[in-house]
Amino acid sequence: MAAAEATGRRAEDGSPYPDRKQPSFQRDIQQMFTHIAEGYDGFDHIASVGNDFVWRPRALWDLDRFRAPGPVRRVLDLGCGTGDLAVLVARHFPRSAVVGLDFTRAMLKKATVRHGAARELPRVAFGQGTGLQLPFADAAFDLVTNAFVMRNFADLGLALREARRVLRPGGVFLTLEITEPTSPTFRRLFHAYFDRFVPWLGAAVGSAGPYRYLPESLRSLPSRPQLVEAMHRAGFFRIETHPQSLGIVTTFLAEAGPSNSAGSQSR
Ligand SMILES: C[S@@+](CC[C@H](N)C(=O)[O-])C[C@H]1O[C@@H](n2cnc3c(N)ncnc32)[C@H](O)[C@@H]1O
């Protein structure tokens with residue numbers, strides 16, 4: 001196992017190419033994000049054709065319609081990457097303190113540089129840690145958010161249970177994730193785009209592995225109903241899904257049940 005962890009899969013250009021079947025998967029994900037940290041935001045804007053500027057604010061708009069009125073003071077943004085959602089959430093809830101947690105140091109470093117001049121920065125604390133074992137007490141947060149992280153977890157159920165554990169009962173969980181488009185015609189285009197164009201673009205910028213992993217990771221993510229079911233099993237209820245951009249991405253919203261509710265929710 002140690003040898004497998006030391007090696008990891010690599011693309012022909014030497015870039016990390018995580019393989020979910022390998023025991024080194026989580027470490028390879030970390031290496032992959034270390035490899036792409038510098039160009040992450042630019043690539044994201046190009047690959048999403050600028051739509052990523054809309055998706056995060058729209059998810060917060062969905063959140064406002066979902067949550068019960070009342071202050072949001074303690075927020076965790078899980079897998080915060082270069083910090084866009086964490087800072088946006090801090091701006092959206094001006095009296096909140098936001099923790100941006102990520103296990104890739106290079107992404108966190110980029111976050112502090114990228115948002116160094118943001119007025120909200122004093123209310124945002126970036127820190128390193130894994131979503132599979134959150135370094136926080138039970139019920140520590142009113143809101144847990146995450147964008148484009150779920151498909152990278154080695155154990156999705158565990159990550160969801162951890163998110164529920166650190167939310168106070170009644171707290172809200174927001175997930176923004178790439179999903180299958182709702183229309184079959186558009187779905188074919190979507191797969192052609194991710195299976196052909198994105199890997200080609202990745203190879204052009206010396207990151208063949210990460211951008212070949214991206215379409216694979218989309219295929220390994222549970223469908224919308226399966227993800228909802230997994231959230232139920234982890235102890236969330238009142239779950240809503242809000243597709244955006246013809247379903248290319250979906251905002252998932254859920255309320256945290258009581259602390260002993262994991263596995264006991266029925267649909
Ligand atoms: C695609 S990026 C998304 C970043 C950011 N949320 C955004 O909206 O741009 C996924 C991030 O999740 C982080 N990540 C993946 N698995 C993780 C884990 N197990 N624990 C903590 N962070 C993780 C990666 O390091 C990376 O920064």
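## Two domains

Domain bounds here come from an automatic or database domain assignment. On that basis the protein chain splits into domain 1 (41-179 + 221-267) and domain 2 (180-220). The model is a predicted one.

The C-alpha centres of domain 1 and domain 2 lie 23 Å apart. The two domains also touch. Eleven residues of domain 1 are in contact with eleven residues of domain 2. On the domain 1 side of this contact, six residues are nonpolar, four are polar and one is charged.

## The sheet

Start with the strand order. An open sheet of seven strands runs S3-S2-S1-S4-S5-S7-S6, and its pairing is mixed. Strand S3 (124-128) and strand S6 (236-244) are the edge strands, each pairing on one side only. From one strand to the next, the twist averages 15°.

How do strands of a sheet pair? They pair through backbone hydrogen bonds, either parallel or antiparallel. This sheet has mixed pairing, and the next two sections take the pairs in turn.

## Parallel pairs

Strand S2 (residues 97-102) pairs with S3 in the parallel sense, over five bridges. Within this pair, Gly 100 stands opposite Phe 126 in S3. Helix H6 (residues 105-114) lies across S2 and S3. The direction of H6 is at about 160° to S3.

Now move to S4 and S5. Strand S4 (residues 141-147) and strand S5 (residues 167-178) run parallel and are joined by six bridges. Which residue of S5 is the bridge partner of Val 144? The partner is Phe 173. To get from S4 to S5, the chain passes through helix H7 (residues 156-166). This β-α-β crossover is right-handed.

H7 also packs on the sheet. There H7 touches strand S1 (74-78), S4, S5, S6 and S7. The direction of H7 makes about 140° with that of S5.

Look at Thr 251 in S7. Leu 176 stands opposite Thr 251. His 242 also stands opposite Thr 251.

S6 and S7 form a hairpin with four residues between the strands. In that hairpin, Ser 245 takes a positive phi near 45°.

## Around the ligand

How many residues surround the ligand? The count is 20. The closest are Gly 79, Gly 81, Thr 104, Gly 131 and Ala 147.

Two elements give two or more residues to this shell: helix H2 (25-36) and helix H5 (84-92). H2 supplies the largest share, three residues. By type, the shell divides into eleven nonpolar, seven polar and two charged residues.

## Recap

Domain 1 and domain 2 make up the division of the chain. H6 lies across S2 and S3, while H7 carries the chain from S4 to S5. The ligand has a shell of 20 residues, and H2 gives the largest share of them.

How values were computed. Residues are numbered from 1 along each chain as its sequence is written. This is a predicted model: local features need pLDDT of at least 70, side-chain atom pairs count only at pLDDT 80 or more; totals for chains, interfaces and linings use all residues. A residue is near a molecule or strand if its C-beta atom, placed from the backbone, lies within 6 Å of it. Ala, Val, Leu, Ile, Met, Phe, Trp, Tyr, Cys and Pro count as nonpolar, Asp, Glu, Lys and Arg as charged, and the others, Gly among them, as polar. Two strands pair if DSSP finds at least two bridges between them. A crossover is right-handed if, with the strands pointing away from the viewer, the path from the first strand over the helix to the second runs clockwise. Axes are lines fitted to C-alpha atoms, for helices over the stretch in contact, and angles run from 0 to 180 degrees between N-to-C directions. Two residues are in contact if their C-beta atoms, placed from the backbone, lie within 7 Å.
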